[in-house]
Amino acid sequence: MKIDKNKIADHNGQFRESFDRDFGFVAENLSRKGIDVEKVVMKVSEFQVAVPSWALGAGGTRFGRFSYGGEPASLEQKLNDIGVLNDLTRTAGAVSLHIPWDTPKDVKAIKEVAASHGISFDAMNSNTFQDQPEAEKSYKFGSLNNTDPAIRDFAVQHNIDVINIGKELGSKSLTVWLADGASFPGQLNFQNALQNTQKSLQGIYKHLPDDWRIFIEYKPYEPNFYSTTIQDWGTSFMLANACGEKAYTLVDLGHHLPNTNIEQIVATLMLKGKLGGFHFNDSKYGDDDLTVGSIKPYALFLIFNELVYGMENNPQNPNLAWMIDASHNIKDPLEDLLQSLEAILIAYAQALLIDQKELREAQEQNDVVKCQEILQEAYRTDVRPILMAARKKAGAALHPITAYRDFQVRKSLIKERGTKNMATGL
Ligand code: AOS
Ligand code: ZN
Ligand code: ZN
């Protein structure tokens, strides 16, 4: 399924007047403040976010899963769904695959489907958090940290296999997230577990091609509830340093204890040139994987403020791999992803409006009130017309969700795939 460009242009036609008016208003306001709106529009239109293959079906919880109908059952169908998102937004031009959930049977055919939608292959995700049917070894008591060297080798080999699949697809990075940890005190020797993890990661790193990067994701708890071996950014950072210059920390917004100052973590990692990847989502309590911007949009904006600062001032930090990591149980996954993409771009555009020079001066003068005024002036600007301008430029929809509904995309997916399809994987 592909959404025709002319169909999108027609749909945009009905909003022409209101768009012109709204964009004119914000452009005039911003240019009065000396902001080059076209530059902001350009930056927003260049921003690309990878969509994880596991976010396209209903993820469910351990209490139940409610199918949405028309869910993708194969990798081809998942790419088609991302194609829909990309047609509507021109922001979702990449996919992040999970092995073995998405192991391609025919690499060439998969590459063709992806190319037909303008989708590239972002970070590959390995899976040593669940046992596959017929697996020779079990990850029940850990993978890279396991006390048994044979299980560690088995998990390392899986990651090497993932790199090899990624090489064929044209990916350039591997994300490692581990469930390894302990659910009860005394279960694990912390020092041995950390040392084993480091040795295993180094074993994977040895097989990383020169032009690849490895991202080490951290998480404070879940599925283990007493300790997680890579529990925080400091542990991830330490391990990345122990691996080498192609190893980086990955920040997943949901992987922090309540009220953690994530923007400060971002700033520290960028200063050290070690922030590699980003998983966007939102949460109220923990790793809730809710729609980006649905709970704490101001926190997202503050994080983007540090990201924008880092992108401008930290040449030691490479370009970041942006990815959504969310899961859906009650919304249409595609609508949810459209909302997430919008929220990411809103926060980014708002952060671009911050007058960094003025902020620096206010900080030097310890003018705390002014510092807050500068941030909130940007945050309280309605930048949605800027996003629309960026999408219009790229041939995408001015109002992606309205277009998605008007085009009855879900209805045709259900017609094509049926109501009972299950996404592969979780
Ligand atoms: C798990 O909590 C992490 O967020 C992972 O990044 C991700 O959701 C998982 O690897 C899916 O495969
Ligand atoms: Zn994640
Ligand atoms: Zn997570």
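This is a predicted model: local features need pLDDT of at least 70, side-chain atom pairs count only at pLDDT 80 or more; totals for chains, interfaces and linings use all residues.
1. Overall fold. The chain has 16 helices and 11 strands. Its radius of gyration is 22 Å, close to the 22 Å that the globule rule gives for 426 residues, so the chain is as compact as a globular protein of that length. The C-alpha trace spans about 65 × 60 × 40 Å along its principal axes.

2. Of the 426 residues, 47% are buried. Take the contacts between residues at least 6 apart in sequence: 80% of them join residues at least 24 apart.

3. UniProt, in an unreviewed entry, places "domain: Xylose isomerase-like TIM barrel" at residues 103–289. In the model, that stretch is 36% helix and 16% strand. Its end C-alpha atoms are 24 Å apart.

4. Helix α10. This helix covers residues 297–313, 17 residues in all. At 1.5 Å a residue it should span 24 Å, and its end C-alpha atoms are 24 Å apart, so the two values agree. Its buried residues are L300, F301, L302, I303, F304, N305, E306, L307, Y309 and G310. The cover over them includes α9 (262–271), α11 (333–352), α12 (356–364) and α13 (368–379).

5. Ligand shell. Which residues surround ligand 1? They are W54, H98, N125, W177, E217, K219, D252, H279, D287 and D325. By class, the shell has 5 charged, 3 polar and 2 nonpolar residues.

6. F47. This residue sits in the loop between α3 (37–46) and β1 (50–52). Leaving out residues up to four places away in sequence, F47 touches T91, L345 and Y348.

7. L56. The loop between β1 and α4 (75–89) holds L56. Is L56 buried or exposed? It counts as buried, because 27 C-beta neighbours lie inside 10 Å and the cut-off is 20 or more. L56 and R410 are 354 residues apart along the chain, yet their C-alpha atoms are separated by 12 Å.

8. Cis bond at P100. The peptide bond from I99 to P100 is cis, with omega near 20°. P100 lies in the loop between β2 (94–96) and α5 (107–116).

9. Cis bond at P223. E222 and P223 are also joined by a cis peptide bond, with omega about 10°. P223 is in the loop between β7 (213–217) and β8 (227–228). E222 is found in the loop between β7 and β8 too. Phi of E222 is near 80°, a positive value in a residue other than glycine. With 13 other C-beta atoms within 10 Å, E222 is partly exposed.

10. N259. Here phi is positive, about 70°, although N259 is not a glycine. The residue is in the loop between β9 (247–252) and α9. What is its exposure class, and why? N259 counts as exposed, because it has 7 C-beta neighbours inside 10 Å, and 12 or fewer is the cut-off for that class.

Notes: Residues are numbered from 1 along each chain as its sequence is written. Chains are lettered from A and ligands numbered from 1 in the order in which they are written. Helices (H or I, at least four residues) and strands (E, at least two) are DSSP runs, numbered from the N terminus. The radius of gyration is taken over C-alpha atoms; the globule rule is 2.2 Å times the number of residues to the power 0.38. Two residues are in contact if their C-beta atoms, placed from the backbone, lie within 7 Å. The expected span of a helix is 1.5 Å times one less than its number of residues. A residue is near a molecule or strand if its C-beta atom, placed from the backbone, lies within 6 Å of it. Ala, Val, Leu, Ile, Met, Phe, Trp, Tyr, Cys and Pro count as nonpolar, Asp, Glu, Lys and Arg as charged, and the others, Gly among them, as polar. UniProt positions are given in the numbering used here, feature names are shortened, and annotations may be inferred rather than shown by experiment.
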